[in-house]
Amino acid sequence: MLRRAALALAMVLLVTPPAHADEVRASQQQVIKTLRLPQAWKTTMGEGVTVAVLDSGVDPGHRDLAGSVSVGTDYTQGANPAGVAPLRLHGTYMASLIAGHGHGPGNNDGVIGVAPRARILSVRVILEEEEPGFGQFNTAKRYEDVVAKGLRYAVDQGAQVVNMSISKELATQEEREAVRYAISKGVVLVAAAGNDGARKPAASGFAPYSYPAAFPGVVSVAATDSGLRRASFSNWNPSVLLAAPGVDILGAGPGDEYWVGRGTSQASALVSGVAALIKAKYPRMSPAMVSQALTRGASQRPSGGYDTGTGFGVVNAEGALAEAAKLSRHTLTAKGDDSHDPARSLGVAAGPVQVIHRDHRRVALYGSIAAAAAVAALTAVLVLTALVRRARRADNPQDA
C-alpha cells in the first residue's frame, strides 16, 4: 500500500549561486526582520543545543554549515540502487534555515540560520522525489516506520529539538508512540502542516491533516506569504499552532549552492530555530512550556486570538524568548506542603479485600419476619383509621 510519505515542499526554484555571497544575506533580511532575530540574538544564538533534522540528509561540507553537522543513521538504506549517493537537497536546505552560520570574514556572507550556533544532527528518513529509489521507498513495507525509528534515534542521541519538514496523510501507531516517547524525554517536536491548502476541503471542512504535525504535542507550523497572511498552499485546520514565513525563502543546497522556495517545510524549519533558541536559554523547559512561549510571543495574532490558517500568529523569536523568561519561573508540577510528589504513589496501597460469607437460610428467615412485620404494621394502620372514622360519625349525627 502506498505510504504517502512525501516532502512538504512546493514549487522549489533553483537559483544560480550569486556572484557575491553577501547577496544571499541581503535576500534574507525580510525574514530576519519578521522574526526579530537581531533582538533575540542579544539573548542567545543557540549555543549548546542540538536540532535533529529528520529529512533527506544534510550536506555537512556546505560552507554555511561546516563544523555544525553530525551525520546520523540513514533509515532509507537499500531504497536507492547501490552506488547512488543521496541528493540531500531538502535536508540541507532545512538545516541551513535552522543553524546556518554563514562564511567569510565575520561569517557575514551566505545563509544565516535562526540559531546559528546550534548543532545539527542529520537523520535521513526520506528520499527526494528525483532519487531513483523514491518509488521503492514509498511502497516497500520495510520503510513504513522509518520516521518513528528516526525520531527515537534522535531523542536517544540527545537532540533537544526535532524538525520534521515531512508530511504523511496516514499515521502509524509506531509514529504516535515515538512522538509520545520524545515528548516524555523533554524534546520539542516541530513539523510542517502540509501544502494541500489550495485543494478542495476534506470531509472535515478543513484542509487535510498532515502527520506528524497533527499528533498532539507536536508544534504544527503553517506558512505565510510576504504579507504575513496564510499562504494559499498552506494547510488550514485545527492542528495548526503557529505560522512562519514560507514564500520565497532562501537557503543553502548541497555543494555550496543556494536555493529559494516555498512551503510549510521552510516555515517549520524557522520555528525549529526559534525553539532551539528557547532551549539554549532554558534547557530544562518542557515541550509544553516551549509551545506556550512560542504562541504567547507570536506577532500578527488573528483578531479572534486564533484561526486555523495561522494558528496563534507568526513566530517571533524576541517575543518567544521574553515569554519563555516569564514561564521559566514556573513548572508543570505543583510545589509546596499541600502538593503531591508525582514520583510517589497517590495514597496508601489498599489491603486485601475482606470477603463475607452470608447464611442464606438466615437471610431468608429474617426477610420473612421483616415482611410479616410490615404487613402487620400496615393492617394496624388500616384498623386504626377505620375506628377513627367510626368515632367521628358517632359524634356528628348530621353525617347519618
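Which residue in strand 14 does glycine 253 stand opposite? Glutamate 257. Keep that pair in mind; I'll come back to the strands around it. One caution before that: this is a predicted model.

Let me start with the whole chain. We have 400 residues, and 48% of them count as buried. The chain has 11 helices and 14 strands. Now the contacts. Take those between residues at least 6 apart in sequence: 78% of them join residues at least 24 apart. As for the surface, the chain exposes about 20,000 Å². Carbon and sulfur atoms supply 54% of that area.

Strand 10 covers residues 188-192, and strand 11 covers residues 219-224. These two run parallel, joined by three bridges. Here alanine 191 stands opposite serine 220 in strand 11.

Back to the opening pair. Strand 13 and strand 14, residues 257-262, pair in the antiparallel sense, over five bridges. Three residues lie between the strands of this hairpin. One to look at is glycine 255, which takes a positive phi near 75°.

Is strand 13 enclosed or open? Strand 13 runs over residues 249-253, and five of its five residues are buried, so the rest of the structure largely encloses it.

Last stop, the surface. Which residues make the nonpolar patch of about 320 Å²? Leu365, Tyr366 and Ile369. Let's take isoleucine 369 from that set. Its place is in helix 11, residues 360-395. Is isoleucine 369 buried or partly exposed? The relative accessible area is 49%, so isoleucine 369 is partly exposed.

To recap, then. An antiparallel hairpin of strand 13 and strand 14. And a nonpolar surface patch that includes Ile369. Questions, please.

Note on methods. Residues are numbered from 1 along each chain as its sequence is written. This is a predicted model: local features need pLDDT of at least 70, side-chain atom pairs count only at pLDDT 80 or more; totals for chains, interfaces and linings use all residues. Side-chain values use heavy atoms; hydrogens and water are left out. Helices (H or I, at least four residues) and strands (E, at least two) are DSSP runs, numbered from the N terminus. Buried means under 20% relative accessible area, exposed over 50%, partly exposed in between (1.4 Å probe, protein chains only). Contact means heavy atoms within 4.5 Å. Accessible areas come from the Shrake-Rupley method with a 1.4 Å probe; for residues, only the protein chains shown count as cover. Two strands pair if DSSP finds at least two bridges between them. Patches are made of residues with over 30% relative accessible area and no salt bridge: like charges are joined within 9 Å, nonpolar side chains (Val, Leu, Ile, Met, Phe, Trp, Tyr) within 5 Å. A salt bridge is a side-chain nitrogen of Lys or Arg within 4 Å of a carboxyl oxygen of Asp or Glu.
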